[in-house]
Amino acid sequence: MTIEENVALGRLTTVGIGGLAKRFARPQSLAELDGAIAWAADEGLAVVTIGLGSNLLIADEGVDALALRLEGELASAATEDGLLVAGGGAANAVCLHRARAAGLGGFEFACAIPGTVGGGVQMNAGAYGSDWAAILERALVASAEGSDWRTPEELGLEYRRSALGPGEVVAKVEFRLEPRPPDEIKATISELQAVRKAAQPTNKRTFGSVFKNPEHELSAGRMLEACGLRGHRIGGAQISPRHANFIENAGGARAVDALALMAEARRRALEEFGVELEHEVRLVGDIELPPAGQTL
Ligand SMILES: Cc1cc2nc3c(=O)[nH]c(=O)nc-3n(C[C@H](O)[C@H](O)[C@H](O)COP(=O)(O)OP(=O)(O)OC[C@H]3O[C@@H](n4cnc5c(N)ncnc54)[C@H](O)[C@@H]3O)c2cc1C
């Protein structure tokens with residue numbers, strides 16, 4: 001396996017923002033993954049896994065780490081005995097396709113989540129009343145300390161979070177699914193995709209939901225809309241005119257533009273609703289939001 005240098009990470013994200021990874025590798029098997037993790041430990045480099053980059057904001061200055069993209073058998077998926085078994089880098093769309101072909105239902109909710117199953121474990125991704133925690137049997141987690149299989153409880157899956165530590169990589173997952181006729185699965189997917197298309201900017205470059213929904217009668221999107229932030233723009237980043245909990249790369253956006261928008265959105269939500277919004281998007285590299293109420 002080659003360790004590449006100075007690889008542009010922005011092009012590996014859905015929003016298309018971000019600088020270079022100091023080192024980059026594409027492990028194709030568990031042995032290569034263990035090798036890459038051990039190499040990084042020897043070099044004193046942190047390990048960052050990039051899935052489909054659909055919930056990432058990467059620093060303009062890049063990342064001083066070994067960035068990993070799981071490929072080959074670590075991105076493949078197959079069904080066996082009611083289980084969907086997939087490498088951590090397998091795209092949700094591929095898994096859904098395999099499950100449907102095998103007449104296994106329960107993963108349809110993920111049809112509008114453009115990520116990998118490993119990224120889904122990290123985020124406990126979910127939609128339409130279900131999430132990873134509801135169907136995950138166990139996940140194989142690799143780190144510098146070795147690998148171990150963990151249950152959803154051991155993974156600490158909660159609303160859009162897990163207890164995975166820095167440098168821990170989801171190498172493989174097993175989902176427990178239920179028999180369901182493929183045409184019913186197909187119909188559900190079409191329905192959910194139509195709902196999604198009607199509500200969100202699906203044809204724009206975004207990193208998915210910016211903020212988690214707060215414990216409030218209003219969702220983060222409705223709250224920011226009520227603050228008058230739809231369409232608000234800083235540099236090349238714009239709060240989506242369609243859904244205020246999305247930031248679009250409206251052309252040449254930099255991470256600092258998106259961060260400034262996020263800080264402004266938090267300031268307004270605090271001022272108008274007394275709510276401190278927590279970001280859902282993962283910030284990678286040397287970037288962070290200022291305390292709620294402050295602008296960048
Ligand atoms: C248009 C759009 C719609 C979306 N809709 C939804 C939705 O309905 N529900 C929802 O929950 N999310 C949604 N998202 C967000 C995103 O798709 C999910 O969070 C997804 O699970 C992220 O997966 P990923 O592979 O792209 O991970 P990335 O964005 O690449 O990474 C996210 C986090 O997971 C970590 N990670 C990635 N792979 C691994 C691995 N193998 N092992 C350990 N850690 C890993 C990364 O280091 C990072 O911390 C949406 C995003 C977009 C762009």
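A nonpolar core is taken here as a set of buried Ala, Val, Leu, Ile, Met, Phe, Trp, Tyr and Cys residues joined through side-chain atoms within 4.5 Å, where buried means under 20% relative accessible area with a 1.4 Å probe and protein chains only. The model is predicted, so that local features need pLDDT of at least 70 and side-chain atom pairs count only at pLDDT 80 or more, whereas totals for chains, interfaces and linings use all residues. Residues are numbered from 1 along each chain as its sequence is written, and side-chain values rest on heavy atoms, with hydrogens and water left out.

The largest nonpolar core has 32 residues, and F107, V117, V121, W132, V173 and F175 are those with the most contacts inside it. At least two residues of this core come from each of β7 (83-87), α2 (92-101), α3 (117-123), α4 (132-135), β11 (136-143), β13 (169-176) and α6 (182-199), helices (H or I, at least four residues) and strands (E, at least two) being DSSP runs numbered from the N terminus. A second, separate core of 31 residues includes I17, L261, A265 and L277.

Neighbours within four places in sequence aside, F175 is in contact (heavy atoms within 4.5 Å) with G82, L83, L84, F107, V117, W132, I135, L136 and E137. Both W132 and F175 are buried.

Rings of Phe, Tyr and Trp (its six-membered ring) pair if their centres lie within 6.5 Å, with planes under 30 degrees apart counted as stacked, over 60 as edge-to-face and the rest as tilted. By this rule there are five aromatic pairs. The ring centres of W132 and F175 are 5.8 Å apart and their planes stand at 85°, so this pair is edge-to-face. Because W132 lies in helix α4 and F175 in strand β13, the pair ties together parts that are 43 residues apart in sequence. Ring pairs also link F107, F109, W132 and F175 into a cluster.

Elsewhere, four strands form an open sheet of mixed pairing in the order β1-β2-β5-β3, two strands being paired if DSSP finds at least two bridges between them. Its edge strands, β1 (4-8) and β3 (46-49), each pair on one side only. Strands β2 (residues 20-25) and β5 (residues 63-68) pair in the parallel sense over four bridges, and F24 stands opposite A67 in β5. Helix α1 (residues 30-43) packs on the sheet, where α1 touches β2, β3 and β5, and its direction makes about 165° with that of β5; axes are lines fitted to C-alpha atoms, for helices over the stretch in contact, and angles run from 0 to 180 degrees between N-to-C directions.

Definitions and conventions
Buried < 20%, exposed > 50% of the residue type's maximum accessible area, 1.4 Å probe, protein only.
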